[in-house]
Amino acid sequence: MEQRLANTWRLTANEKKFIETALLSDLRIDGRRPFDYRNIIIKFGKEDGSAEVQLGQTHVMGFVTAQLVQPYRDRPNEGSLAIFTEFSPMADPSFEPGRPSQAAIELGRVVDRGLRESRAVDTESLCVLSGKLVWAVRIDLHILDNGGNLVDAANIAALAALLTFRRPECSLGGENGQEVIVHPPEEREPLPLIVHHLPIAVTFAFFNSENSVLIDPTYHEEAVMGGRMTTTLNANGDVCSIQKAGGEGVLQSVIMQCLRIASVKAGDITEKIKKAVDSYNTERALRKIKRHPSTVPMDVDKKDTSEVSSHHSDRLKPMSEQSIPNQHENVQDETKPFEQRQINKGNKDSKNFIGGPSSWDPYSKGADPDFLKATLASRGTSTASKKQEDDSRDEKASHEANREELPEAVVNQESLPTKATQAAPQTKGEKTLKDAVKPKNKRKKK
């Protein structure tokens, strides 16, 4: 009432007459139709449980907090929900600091009745220890700017703050299991409140003995209106509460018409609140994801991977399979030493080798070409020496068997070429004085 009286003194007679005349023609001073809402903007703070609602020129901010208290004796298993409003002189010069005015008390009661009487918030889920500790949820509504229709803006701010609020998780411990442990957000994820439905407040203003009805009155329209009624409904069309704040009487048919209009508006506002809350939740989830530095991607074509795999398969083949073509090379080319051919072959393989990680293991390192050369050379020499040793052993065993079967004369004849073969490699070397002297068996007999 104080607010309306203060606004009345600011309006002149011409302004009041202009507003009333425009309403008779279904026009409003801001260009809206009688049953149109102003633009609704919902913003959220960095902390959970804070929301700011802008309804035209009206700004309202809501904060939700919770603390552990003892429950009421008649309801030991239920938490509590309380709403407090603050009217600052910054919002409107007619608001005085100190004790809450009648308008502030009325605003808090209308919003509280719509939330608590309809049991929108599950208070039983706020119980921690029956009869000892429950969560007491408090909603603080701050009026930042009074542009008209504070009830609807405060109701939306309260709902948005409740949907984004999260309380700490509690557990029972101790020796007797009756000690309450409150876990910080770093240890356990906080829990959101259980909200069954969203009661939306829709305010109607009556003019000229209820001949003109409109929704969402502005600051100037509240100074001219003859009565006001606030209905609270959810998206399903269930009536949660109706508040008639004095003024002229309203017919039953007018009330039913207002309820039908309010049910449509409640569905539209509910969708806007849910969209805003969903976007906030996605942003909150992205803030909590720990971003790791991405590794450098490597583009490996299918052609390259096939070449690398073929080279690896050739390298993984046993040396026994590679020795078969090497034997043919030895027959064709006897001038080159065996070790030199293995080193040259290792050099060719190292040139064709494609370094870097393989396609199937992104964390493997490239092979060292020097190490591959050394291993290939060592493998080649070891296999060649082993084969020579095996051949020599087989020849010795065969010679011994033949000697046992053949007579001594034949054995003596066979021993002669062997001696000659033993002496042959000596002649291939450098000649000395001993080589100039002929052996006794080659001297001419006198």
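User: Is aspartate 216 buried or exposed?

Analyst: In this predicted model, aspartate 216 counts as buried because its relative accessibility is 0%, and buried means under 20%.

User: Where does aspartate 216 lie?

Analyst: The loop between strand S12 (212-215) and helix H5 (219-224) contains aspartate 216.

User: What is the phi of aspartate 216?

Analyst: Its phi is positive, at about 55 degrees, although aspartate 216 is not a glycine. Most residues other than glycine have a negative phi.

User: And what about the phi of arginine 119?

Analyst: Arginine 119 is a residue other than glycine with a positive phi, near 55 degrees. Arginine 119 is found in the loop between helix H3 (102-116) and strand S5 (127-129). With a relative accessible area of 44%, arginine 119 is partly exposed.

User: Changing topic: how many disulfides are there?

Analyst: The count is zero disulfides.

User: Are cysteine 170 and cysteine 240 buried or exposed?

Analyst: Cysteine 170 counts as buried at 18% relative accessibility. Cysteine 240 likewise counts as buried, at 18%.

User: How much accessible surface does the protein chain have?

Analyst: The accessible surface comes to about 29,100 Å², and carbon and sulfur atoms account for 52% of that surface.

User: And what share of the contacts joins residues 24 or more positions apart?

Analyst: Among contacts in the protein chain with a separation of 6 or more, 72% are between residues 24 or more positions apart.

Notes: Residues are numbered from 1 along each chain as its sequence is written. This is a predicted model: local features need pLDDT of at least 70, side-chain atom pairs count only at pLDDT 80 or more; totals for chains, interfaces and linings use all residues. Side-chain values use heavy atoms; hydrogens and water are left out. A disulfide is a pair of cysteine sulfur atoms within 2.5 Å. Buried means under 20% relative accessible area, exposed over 50%, partly exposed in between (1.4 Å probe, protein chains only). Helices (H or I, at least four residues) and strands (E, at least two) are DSSP runs, numbered from the N terminus. Contact means heavy atoms within 4.5 Å. Accessible areas come from the Shrake-Rupley method with a 1.4 Å probe; for residues, only the protein chains shown count as cover.
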